[in-house]
Amino acid sequence: MLKKLMLKPLLLATTLCCVGTTAIAADTLPDAQDVSRYATQLLQQQQIDSNGPGLAVLVARGDELLFKHAYGKANIELDVPLSPQHKFRIGSVTKQFAATALLKLIDEGKAALTDPLSKYLPDYPNAEAITLLQLLNHTSGVKSYTGIPGYMHNKIRYELSTAELIAEFKDLPVDFAPGAEFKYNNSGYVLLGAVIEAISGKSWHQYINDALLQPHKLSNIVYPGEQSIIAGMAGGYSLRPGQDVTQAALLSMTQPHAAGALVADADALWQWNRLLHSGKLLKADTYRQMITPTGAAAKNDSNYGFGIRSDTLRGMRELQHGGGINGFVSLLVYLPQPKLTVVMLRNSDGPGPDLSYLSRKIAAYASGNPYPEYPPVSLTEAQLRSVSGIYSKGEDSRTLEVRDGKLFSTRAGGRPFELIPQANDSFGFADSVTRLVILRDKNGNATGLNMFYDGEGKAELWQRSSDVTQKADIRLSQQQQLALVGDYASDQLQLKIFQNDAGDGLLVQVTGQPAFDLKAAGERKLYLTVVDATLEFAPATGRAAQVTLIQGAGRFVLTRQ
């Protein structure tokens, strides 16, 4: 559910290519012993700290359990090992339940996808122009309350009713006209929860329980409320680079609402997948609409249905949704063709095992179509430098450059990722199925690269546009540093510029995120190395009054406070 603002070193996003459907013969599918052996080996490579927060994993094909295991601790303080039976906050996976609940009401004739929001919330601004479909697929343009500057650090702790939560964002400017674009947001699903309440006369979570869960004996998917004791609930923790493990930041569980408040264990999510995707919960046509992206939600790799993303994995359709909330990260995957479920549940937020990468590798193997392995090769620094440069695709760019004898790829506005040399001008990313292959002219000069986001198949072409320009790294005087030090804010974010302990350098810290070192390209121009971002200060002399953060295509002007 929860989203961070700028300067967070994001994990490599995997954008999937559209490829044809691959037929799977039942006699080629690996059995439970093979899947267990493969998953165990892959997960052991993650080196999950046995004394820290952990990860629970379940893999099943139809009604056959193939693998179930957990690593790490459910409670560090009491030294309780994590088990697959523990319950976790599932964050935005909740959206799938809320979407199904509303669609069930539609199946019963109590609502329609084309209904305007005003039919159920007449006092909501511009509600007559927003449809239920647009709330379901994130094309409503409503402002996401979790993106309000500072909201996630104080206001998120308040216990709020549905009406009080809606009041936090209802009067904010919209991001775009309803239906014009796709932008993932949590406010839309809070509004869906309110619609469910208006139609059913029950709280959104009570309706989900009564209409979807209890009839199918899914008692291990629950709404925790504020003070309920949940049997088997794992503790939630936060991981930060270079810091000790901490308790997860506080929040009121009233606030994730229908966008992210449910709690579940791995077995219950497996059974949910079996019910939802086998036609036990919705009419066939309604389910088809749920998993089929349309309009703006089908463009620019959004691929969002109703509470479900529709992607491809090794030529097979993949239906999935992830979640992130204070102390927890989750991922629920379903592959219709082999009827395969993968559940991954972490009891920590921040850096940790990449659930997308792990689930893709395991799902591909369990489906009888594993990703090929590309053994690493050694290249000289001269060979690495022969492929360095700036590569462009439209207005987007990616820089390949050598640092300390290693090749890194940095997408505009992103953080650098080390590339692992493979044979035949191919490079891989650590803990990712994504590969890139360098293209050369007849003289052997690099002219472009092909990105294979699913390891192989359809490629995305990036043309080499220029050489890498080395950034300056100058030393600022104390007077020059102090002229920039201070707190800056805009409607989008807040940040602080301050000196390091030695007083010989500057750092930047966005509210709620770690501090990062800054380097100076000029007296009023600083940049980061952990992420592709630049800070430009004004005016040109004297005490800085504002700073412009430039990160990828984004420009954010912040004023000194």
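Predicted model: local features only at pLDDT ≥ 70, side-chain atom pairs only at ≥ 80, totals over all residues.
1. F97 touches I90, I208, L212, L213, I221, L262, L269 and W272, leaving out residues up to four places away in sequence. Together with Y124 and W272, F97 touches the most other members of the largest nonpolar core. That core counts 83 residues. Helix α2, residues 94-107, gives the most to this core, with 8 residues.

2. As background, nonpolar side chains tend to be buried together in soluble globular proteins.

3. Now helix α1. This helix covers residues 32-44, 13 residues in total. From first C-alpha to last, α1 reaches 18 Å. That is close to the 18 Å expected at 1.5 Å a residue.

4. Which residues of α1 are buried? They are V35, Y38, A39, L42 and L43. Viewed down the axis of α1, the buried residues fall within an arc of 125°, so they line one face of the helix. The face turned away from the buried side carries Q33 and Q44, both exposed.

5. What covers the buried residues of α1? The cover includes two strands, β1 (55-61) and β2 (64-71). Helix α10 (355-366) is also among the covering elements.

6. T162 deserves a separate check. T162 lies in helix α4, residues 162-167. Is T162 buried or exposed? The relative accessible area of T162 is 15%, and buried means under 20%, so T162 counts as buried. Setting aside neighbours within four places in sequence, T162 is in contact with A194, E197 and H257.

7. For scale, take T162 and F427. In sequence they are 265 residues apart. In space they are 49 Å apart, C-alpha to C-alpha.

8. Next, the barrel. A closed barrel of 8 strands runs β15-β16-β17-β18-β19-β20-β21-β22. The pairing is antiparallel. On average, neighbouring strands of this sheet are turned by 30° against each other, direction ignored.

9. Strand β20 (residues 435-440) and strand β21 (residues 446-452) run antiparallel and are joined by 6 bridges. Where does V437 sit against β21? V437 stands opposite N450.

Technical notes: Residues numbered from 1 in each chain as written. Heavy atoms only, no water. Pairing = 2+ DSSP bridges. Helix = DSSP H or I, 4+ residues; strand = E, 2+ residues; numbered from the N terminus. Axes fitted to C-alpha atoms, helices over the stretch in contact; angles between N-to-C directions. Core = buried A, V, L, I, M, F, W, Y, C linked by side-chain atoms within 4.5 Å. Buried < 20%, exposed > 50% of the residue type's maximum accessible area, 1.4 Å probe, protein only. Contact = heavy atoms within 4.5 Å. Expected span 1.5 Å × (residues − 1). Arc of directions from axis to C-beta.
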